[in-house]
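Have the structure open beside you as you read.

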Amino acid sequence: MSPTPAIPGAVPTPPNLGVRFAGVGSALPSKPLTNADLEQLMDTSDEWIVQRTGIRSRYIVDHERGESCLTLATAALRRALDEAHLAPTDLDLIILATMTAEMSCPPTSCRLAADIGAGTIGAIDVTAACCGFVYSLNTAYALIRSGLYRSIAVVGADTLSQYLTYDSSGRSTAILFGDAAGAAILRATDDTNKGLIAQAMHSDGARWVDLYIPEDLDRDFPEGHEPSPEHLKRVQMNGRGVFKFAVGTFSDVIQQTLHQAGLAATDIDMFVCHQSNARILSAARDRFGLSEEKLYINIDRVGNTVAASVPLCLDELTKAGRIKEGDKVMFVAFGGGLTWGTSLWQL
Ligand code: UT7
């Protein structure tokens, strides 16, 4: 009997392979915005901001210089490709996690693919707020393990400054966020020891009003959350609600992932966490008895950079030699949606 001919475009049988991080990169915009700068713009103080958030400075895009979510994503991805010694045409797919796409159509990832010269490869935007990069890592891993793709760029880029108000009316959110991008190249490898060990992805859409950006007035908003015209395209946040949610959920999802993996917190070489508030991160450190070295905090310099915060930390830690091949690294994030998730890797 002759063998069944392969169907063109058919899904391959999942091969036995691992997935590795081949390169990482990041980019910050050119405009620093310190707490002292904010004191000039609104009724706030360096002391209030540092005490409540741990943030001292952040960077925001300078539109006059042409900076945007796309240009930051492009710079970060180019750096990741350089580090991986790969050409843009070596990529099979780009996943861009962002909630500040240039436009609702086209996907910003398509322009990113074109701008770096990746040809006509697939390109998708993933919108999962601050969880976008972590969700995308898990997705990219599954796509590579399935045998469908071999090299995927996962990028997190956000410029939330465009949805903030830099006067006293917006002080509760303007102090928190900064703009940035980070990228990682994931590749198939014959080393089956490398790859995802465990992961979690969750959402609770019933709590969407805790963090949202109203686009127009003609929607159904719950009582007490009806936006007025000045709230349109401006971040609305229940800071205390998100804070309480984050402190509990952050630790719980780490515990759940460790349990799934059969590991203890002390087995993890580095926790790379979404930078939302230094107090939330310190609470997680305390709960698991982690040293400062094992749970990285850079929010003091860059603020909360939404989907960029995890890959930005990853890039800084890698460049500093604090994350290396063979390490176990847990990525953790939570944010609007509400969403929360993890991605635990054997590098
Ligand atoms: O990526 C995930 C996204 N979000 C988060 O992770 C946010 C989590 N939440 C937080 O980090 C904190 O809730 C904030 C830092 C946003 C706020 O801290 P808080 O301790 O929860 O303050 P609050 O919102 O309860 O406000 C306390 C007071 C209020 O004044 P009254 O009503 O007590 O007189 C605010 O009007 O602080 C006032 N306030 C400020 N004062 C000086 C709010 N923003 C400012 C400000 N400067 N920038």
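## The sheet

Strand β4 (residues 93–97) runs parallel to strand β6 (residues 151–158), and five bridges join the pair. Within that pairing, I95 has V154 of β6 as its bridge partner. Strands here are DSSP runs of E with at least two residues, helices are runs of H or I with at least four, and both are numbered from the N terminus; two strands pair if DSSP finds at least two bridges between them.

Please keep in mind that this is a predicted model, where local features need pLDDT of at least 70 and side-chain atom pairs count only at pLDDT 80 or more, while totals for chains, interfaces and linings use all residues. Residues are numbered from 1 along each chain as its sequence is written, and side-chain values use heavy atoms, leaving out hydrogens and water.

The open sheet has five strands in the order β1-β7-β6-β4-β5, with mixed pairing. At its edges are β1 (18–27) and β5 (122–126), each pairing on one side only.

## Around the ligand

Which residues come nearest to the ligand? Of the 22 around it, they are T44, R52, R240, H274 and N277, where "around" means a heavy atom within 4 Å. Helix α7 gives the largest share of this shell, four residues.

Polar contacts (pairs of N or O atoms within 3.5 Å) are worth a look too. R52 places a polar side-chain atom 2.7 Å from a ligand oxygen, and N277 also has one at 2.7 Å from an oxygen of the ligand.

Conventions:
A polar contact is a pair of N or O atoms within 3.5 Å; within protein, one must be able to donate a hydrogen and the other to accept it, and residues adjacent in sequence count only if both atoms are side-chain atoms.
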